[in-house]
2 protein chains.
Amino acid sequence: MGATLASIPIPSTVQTLADQVFEALQSAIITGDLKPGEKLREPELARRFGTSRGPLRDALRRLEGRHLVTNTPNTGARVVSLSHGQLLDLYHVREALEGMTCRLAAEHMTDSEVDELASLLDRHESEIQRKEGAEYFQQEGDLDFHFRIANGCKNDLLRSALCEDHYQLMRLYRYKFSSRLGRPRRALEEHRMILGAIRDRDGELAELLMRRHIRNARKMFEKNLEGDLAKQDATKQDSVNK
Amino acid sequence: MGATLASIPIPSTVQTLADQVFEALQSAIITGDLKPGEKLREPELARRFGTSRGPLRDALRRLEGRHLVTNTPNTGARVVSLSHGQLLDLYHVREALEGMTCRLAAEHMTDSEVDELASLLDRHESEIQRKEGAEYFQQEGDLDFHFRIANGCKNDLLRSALCEDHYQLMRLYRYKFSSRLGRPRRALEEHRMILGAIRDRDGELAELLMRRHIRNARKMFEKNLEGDLAKQDATKQDSVNK
DNA sequence: TATCGCCAGATTGTTAACAATTCTATTGAA
DNA sequence: TTCAATAGAATTGTTAACAATCTGGCGATA
């Protein structure tokens with residue numbers, strides 16, 4: 001698996017219609033084309049993807065399994081919409097899973113994978129130079145770092161839990177979720193320390209550093225949260241005053 | 001809005017056909033009625049559950065999301081069959097998730113939940129007295145301990161990842177997976193230490209002890225594995241000699 | 001004898017119609 | 001004006017038939 005971007009899946013030539021709809025739907029959700037909380041009407045989506053309701057329902061069930069869609073009987077499906085508390089929950093899961101993943105990656109990554117990880121960080125360094133503007137790509141780059149570690153741990157259950165499940169959720173909320181958010185240099189520094197531990201094949205340290213890295217991101221998220229709430233209160237005040 | 005009565009959730013009776021098939025299938029897999037690796041033919045199963053293929057396929061997709069069923073396009077579904085390596089992978093995931101879960105449980109469990117956990121361990125104590133024989137129930141009891149901690153962590157993402165996903169897999173392989181396997185007293189002792197840390201509201205220690213507990217179970221599993229392999233070699237030798 | 005290709009049966013993928021449930025807008029009464 | 005009841009529309013759940021694909025056995029050929 002030598003894809004340049006770990007997030008791009010290699011489509012197998014034998015693909016069922018439900019597979020295609022699944023990927024198209026997931027893509028639409030993650031890019032924000034379908035927004036969190038939005039109702040997913042089967043007839044409408046089936047027309048949109050040029051298929052019937054059968055494969056579409058199949059795709060919806062799979063997305064439900066990946067927590068990107070919620071379904072209530074007889075009422076229908078919606079794009080998942082996470083509360084602030086649930087986003088915090090997700091941080092705790094990440095801390096646990098990625099910590100272990102990083103430990104195993106330190107033990108099992110090939111030397112060439114480590115080298116690629118190093119050059120990825122060099123690229124991030126230069127990207128940070130030309131500051132803001134490309135914030136979107138910085139966020140995807142941040143995720144790419146975590147992706148590669150997941151792919152290096154050689155535990156397929158962990159890899160799929162992160163890459164196919166939790167990372168997709170994080171991309172959906174990436175504007176709130178990037179570990180670099182508001183601290184790109186600091187995050188890059190933490191990434192470099194993690195890389196160092198992996199290079200030293202020090203699994204214990206690698207786990208500790210990754211967990212601290214994600215904890216720091218969570219604390220930053222909590223701070224932003226307080227800011228957002230204050231702002232929301234302010235605008236509410238405004239609308240009342242009008 | 002509808003009648004006030006309609007607002008009362010009636011979870012078990014308001015069930016779609018696909019829900020029922022899902023539960024029946026999951027139950028059949030976990031009890032071993034459908035064995036690991038067994039082919040799941042849609043027409044046959046649909047007849048068996050008295051429904052059509054639609055809801056059945058729906059149920060299969062959900063079970064696929066929970067890693068209890070694997071599906072290959074145009075070929076069909078099978079009950080999942082984990083290799084020894086994948087079982088080891090599962091131990092690592094458990095160590096990560098249950099460690100964090102136990103930390104959060106120590107912080108967030110209610111006092112009454114802690115008390116119930118304590119009385120559960122007392123019951124296990126007496127069950128161990130009347131030795132073997134009831135090994136099945138001992139294994140389910142072991143799982144019950146972990147279940148309750150998952151329910152006490154108050155992080156729904158963690159709870160569902162464990163209770164609805166990984167624990168079901170473990171039940172499928174319970175004969176290989178019980179943390180008490182071959183060491184019931186020792187496991188109970190570890191459970192008591194974990195309970196102590198939770199009672200002290202010492203999250204850090206609770207996580208550390210739970211991780212050690214699962215690591216110990218993994219090591220025991222690995223030992224059994226070597227034994228099994230030796231035995232397999234022996235029988236292989238026998239069959240050759242015949 | 002081994003290998004390849006082909007055919008029949010079975011199984012999965014897909015579609016469209018039907019049934020059951022929920023949502024919406026209108027009406028009528030307090 | 002507000003609320004509740006209701007009828008119709010829209011949506012989801014389910015079924016059965018049709019299409020595409022795979023499996024396994026048979027015979028032809030080298």
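How many residues lie between E2(A) and E3(A) in their hairpin, and which residue in the turn has a positive phi? There are three residues between them, and A:Asn74 in the turn has a positive phi of about 65°. This is a predicted model, in which local features need pLDDT of at least 70, side-chain atom pairs count only at pLDDT 80 or more, and totals for chains, interfaces and linings use all residues. Residues are numbered from 1 along each chain as its sequence is written, chains are lettered from A and ligands numbered from 1 in the order in which they are written, and side-chain values use heavy atoms, with hydrogens and water left out.

**The sheet of chain A**

- Helices (H or I, at least four residues) and strands (E, at least two) are DSSP runs, numbered from the N terminus.
- Three strands of chain A make an open, antiparallel sheet in the order E1-E3-E2; two strands pair if DSSP finds at least two bridges between them.
- E1 and E2 (69–72) are the edge strands, each pairing on one side only.
- Two bridges link E1(A) and E3(A) (residues 76–79) in the antiparallel sense, and A:Lys39 has A:Arg78 as its bridge partner in E3(A).
- E2(A) and E3(A) are joined by four bridges and run antiparallel, with A:Asn71 opposite A:Ala77 in E3(A).

- H3(A) lies across E1, E2 and E3 of chain A and runs at about 110° to E2(A).
- Axes are lines fitted to C-alpha atoms, for helices over the stretch in contact, and angles run from 0 to 180 degrees between N-to-C directions.
- The axes of H1(A) (residues 17–30) and H2(A) come within 11 Å and cross at roughly 105°, which means that H1(A) is roughly perpendicular to H2(A) (the class for 65 to 115 degrees).
- In this contact (heavy atoms within 4.5 Å), H1(A) uses A:Val21, A:Ala24, A:Leu25 and A:Ala28, while H2(A) uses A:Leu45, A:Arg48 and A:Phe49.
- By class, that contact has six nonpolar residues, no polar ones and one charged; Ala, Val, Leu, Ile, Met, Phe, Trp, Tyr, Cys and Pro count as nonpolar, Asp, Glu, Lys and Arg as charged, and the others, Gly among them, as polar.

**Around DNA strand C**

- DNA strand C is surrounded by 21 residues, and A:Thr16, A:Leu17, A:Ser52, B:Arg53 and B:Arg57 are the closest; a residue is near a strand if one of its heavy atoms lies within 4 Å of it.
- Of the atoms of DNA strand C within 4 Å of the protein, 72% belong to sugar and phosphate.
- H3(A) gives the most to the surface near DNA strand C, with three residues.

**Around DNA strand D**

- Among the 21 residues around DNA strand D, those that come nearest are A:Arg53, A:Arg57, B:Thr16, B:Leu17 and B:Ser52.
- Sugar or phosphate supplies 73% of the atoms of DNA strand D within 4 Å of the protein, and bases the rest.
- A side-chain N or O atom of A:Arg53 is 2.8 Å from a base nitrogen of DNA strand D.
- A polar side-chain atom of B:Ser52 lies 2.7 Å from a phosphate oxygen of DNA strand D.
- H3(B) gives the most to the surface near DNA strand D, with three residues.

Conventions. A polar contact is a pair of N or O atoms within 3.5 Å; within protein, one must be able to donate a hydrogen and the other to accept it, and residues adjacent in sequence count only if both atoms are side-chain atoms. Angles under 35 degrees count as roughly parallel, over 145 as roughly antiparallel, 65 to 115 as roughly perpendicular and the rest as oblique.
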